[in-house]
Number of protein chains: 2
Amino acid sequence: MFKLKLNRIIDQKNSLLCVGLDPDLNKIPPVIRKEKNPLLKFNQEIVMATCDLVAAYKPNIAFYETLGIQGWQLLEKTLDIIPSDILIIADAKRGDIGNSSCKYADTFFRRYNFDAITVSPYMGFDSVLPFLEFTERGIFILCLTSNSGSEDFQYLESDNKPLFLNVAEKVVRWNSIHNNCGLVVGATHTSDIQRVRNITPAIPLLIPGIGAQGGDLETAVTFGTDQQGKNLLINASRSILYASSDSNFAESAGRAALELRDKINKIRKNNI
Amino acid sequence: MFKLKLNRIIDQKNSLLCVGLDPDLNKIPPVIRKEKNPLLKFNQEIVMATCDLVAAYKPNIAFYETLGIQGWQLLEKTLDIIPSDILIIADAKRGDIGNSSCKYADTFFRRYNFDAITVSPYMGFDSVLPFLEFTERGIFILCLTSNSGSEDFQYLESDNKPLFLNVAEKVVRWNSIHNNCGLVVGATHTSDIQRVRNITPAIPLLIPGIGAQGGDLETAVTFGTDQQGKNLLINASRSILYASSDSNFAESAGRAALELRDKINKIRKNNI
């Protein structure tokens with residue numbers, strides 16, 4: 001069951017860190033561009049350098065889909081090199097009417113065997129249900145996103161609550177079906193992480209937005225963790241992947257991951 | 001420019017019809033399952049039988065993605081057989097932070113050369129902007145969807161308006177940048193189509209939900225069209241694709257498309 005698996009790997013690795021595997025040919029170090037399959041080689045080096053330090057990897061599907069068939073092959077090969085005890089989250093942000101969401105759920109859970117996926121809530125319950133029905137997998141539903149556009153709709157107030165809290169409350173109810181929901185809450189909204197955690201004390205949170213996006217780590221960890229200091233993944237992508245553009249990029253990525261994991265653990269320890 | 005192209009093909013074909021190309025191995029007629037590439041053959045037969053009757057085709061990406069690499073090959077080959085004057089809409093419902101939405105926009109507009117795409121509004125402006133920047137393409141943003149889950153969030157009232165009208169109003173502003181936005185409004189919400197059209201008199205609407213989902217065609221056409229009886233696409237998928245499961249399925253699909261086109265035009269004529 002996803003939540004058990006998540007908290008077990010958090011314990012085993014002593015880490016809340018999730019690394020976004022978003023390889024971009026324009027950003028990878030020049031030294032690796034000469035390789036036969038540069039993006040796969042890049043992912044391999046990053047995974048080797050960080051796999052002892054992370055609880056999860058999160059490939060953003062946009063970065064693979066954009067490469068066409070080669071991108072899907074890259075995704076498959078990348079999934080193969082990730083050690084099996086580490087969770088893999090498809091950052092796909094899918095969601096459609098039931099008929100079509102069934103196909104998306106099948107793609108990511110059956111065909112590619114991801115442990116979890118990110119899903120958009122806009123279309124409501126029947127667009128999310130086909131994912132929930134994979135009862136052993138985790139469904140991270142977008143709640144409050146880390147980007148500036150989150151202000152456009154996610155803060156609209158109804159019933160004296162912003163939309164993102166209305167989403168969180170609905171997800172608590174959806175979670176009662178198979179206990180496999182999570183929420184995505186951006187670290188850039190420092191004061192709101194606590195509001196989400198208050199109404200969902202035991203649901204896993206996936207927090208992006210620290211690192212390149214500038215969210216506050218202290219608040220994210222303090223208010224994002226549950227009472228046991230768990231049920232939380234802190235994601236970093238660019239700040240780890242592109243920690244250096246030299247030939248030592250993998251070593252730098254490993255060092256950036258180690259520093260971030262330790263920083264997170266220090267905050268966590270002070271709060272338990 | 002997308003809007004011009006849309007209304008030109010509506011005139012040329014005298015049709016507001018859009019056919020969803022969502023091939024499903026479990027639903028295609030038994031006779032075609034024996035073919036070497038049954039889903040491509042199915043799409044070919046459907047396109048041949050309907051291409052004189054439609055303004056647009058709308059492949060739902062979920063149905064292709066779920067087939068892995070073969071699905072993307074099927075999509076490419078399907079795009080190749082569609083006559084070039086007919087619009088092709090990627091029903092993808094994507095949307096992510098700018099960095100990732102750029103990749104999605106690139107995938108569908110540059111790699112696969114779609115004329116338009118469906119996009120989720122939940123993450124706000126910067127998640128939609130990378131799509132808008134393809135100024136010659138159309139961006140249909142989810143407003144009020146046809147499924148039952150649309151009740152969960154799309155009707156939440158703030159500023160005395162449901163969320164879907166707040167989305168529509170924002171899209172009107174986003175549209176002022178490159179004049180290439182559209183809205184998705186489900187035919188199952190008979191009284192609300194008019195509310196959307198009232199605040200967006202000239203924006204193209206894509207209306208799914210008639211046919212298998214049971215939406216009301218009369219209301220959809222009457223209130224969905226602009227004052228010239230244009231800027232509207234009525235989508236039907238299952239009711240045309242699977243009009244018959246016999247060997248004459250293509251003929252039946254053609255007949256179903258013809259009937260629907262003519263029904264739409266009759267309502268349209270009465271309203272101009």
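## A loop residue: Leu25(B)

Leu25(B) sits in the loop that links β1 (17-20) to α2 (30-33) of chain B. Please keep in mind that everything here comes from a predicted model. With a relative accessible area of 43%, Leu25(B) is partly exposed, since that value falls between the 20% and 50% cut-offs. Apart from neighbours within four places in sequence, Leu25(B) is in contact with Arg33(B), Pro38(B) and Leu39(B).

## Two buried loop residues

Val54(B) is also a loop residue, placed between α3 (38-50) and β2 (56-58) of chain B. Is Val54(B) buried or exposed? Its relative accessibility is 0%, so Val54(B) counts as buried. If residues up to four places away in sequence are set aside, Val54(B) touches Lys13(B), Ser15(B), Leu17(B), Val19(B) and Ile86(B). The C-alpha atoms of Val54(B) and Ile141(B) are 21 Å from each other, with the two residues 87 places apart along the chain.

Now look at Ser237(B), in the loop between β10 (232-236) and α12 (238-241) of chain B. Ser237(B) is buried, with a relative accessible area of 13%, a value under the 20% cut-off. Beyond its neighbours within four places in sequence, Ser237(B) contacts Gly20(B) and Asp22(B).

## Backbone angles to look for

Lys93(A) is not a glycine, yet it has a positive phi of about 50 degrees. This lysine belongs to strand β3 (residues 87-94) of chain A. At 8% relative accessibility, Lys93(A) counts as buried.

In chain B, Asp159(B) is a residue other than glycine with a positive phi, near 50 degrees. Where is Asp159(B)? Look in the loop between β6 (157-158) and β7 (161-162) of chain B. Asp159(B) counts as exposed, at 55% relative accessibility.

## The nonpolar core

In soluble globular proteins, nonpolar side chains tend to be buried together. Here, the largest nonpolar core has 197 residues. Which residues have the most contacts inside this core? They are Leu183(A) and Leu183(B).

Not counting residues up to four places away in sequence, Leu183(B) touches Phe140(B), Ile141(B), Cys143(B), Ala168(B), Val171(B), Val196(B), Thr200(B), Ile203(B), Pro204(B), Leu205(B) and Leu206(B).

## Helices packed within a chain

Two packed helices are described by the angle between their axes and the distance between the axes. In chain B, the axes of α9 (residues 163-178) and α10 (residues 190-199) come within 9 Å and cross at roughly 25 degrees. That angle makes α9(B) roughly parallel to α10(B), and their crossing is right-handed. On the α9(B) side, the residues that meet α10(B) are Phe164(B), Leu165(B), Ala168(B), Glu169(B) and Val172(B). Their partners in α10(B) are Asp192(B), Arg195(B), Val196(B) and Ile199(B).

In chain A, helix α10 (residues 190-199) packs with helix α11 (residues 217-224) at an angle of about 10 degrees, their axes 9 Å apart. α10(A) is therefore roughly parallel to α11(A). Thr190(A), Ile193(A), Gln194(A) and Arg197(A) of α10(A) make the contact with Thr219(A), Ala220(A), Phe223(A) and Gly224(A) of α11(A).

## Where the two chains meet

Helix α5 (residues 69-81) of chain A packs with helix α5 (residues 69-81) of chain B, with axes 9 Å apart and an angle of about 170 degrees. α5(A) and α5(B) are therefore roughly antiparallel to each other. The contact is formed by Ile69(A), Trp72(A), Gln73(A) and Glu76(A) of α5(A) and by Ile69(B), Trp72(B), Gln73(B) and Glu76(B) of α5(B).

How are the copies related? Chain B is superposed on chain A by a rotation of 180 degrees with 0.0 Å of shift along its axis, and the RMSD is 0.0 Å. The two copies are thus related as by a two-fold rotation axis. Among the residues of chain B, Ser158(B) comes closest to that axis, with its C-alpha at 2.6 Å. Finally, 100% of the interface residues of chain B are also interface residues in chain A, so the copies meet through the same surface.

Notes. Residues numbered from 1 in each chain as written. Chains lettered and ligands numbered in written order. Predicted model: local features only at pLDDT ≥ 70, side-chain atom pairs only at ≥ 80, totals over all residues. Heavy atoms only, no water. Least-squares fit on C-alpha atoms with pLDDT ≥ 70 in both. Contact = heavy atoms within 4.5 Å. Core = buried A, V, L, I, M, F, W, Y, C linked by side-chain atoms within 4.5 Å. Buried < 20%, exposed > 50% of the residue type's maximum accessible area, 1.4 Å probe, protein only. Axes fitted to C-alpha atoms, helices over the stretch in contact; angles between N-to-C directions. Helix = DSSP H or I, 4+ residues; strand = E, 2+ residues; numbered from the N terminus. Parallel < 35°, antiparallel > 145°, perpendicular 65-115°, else oblique. Left-handed = near helix turned anticlockwise from the far one by under 90°.
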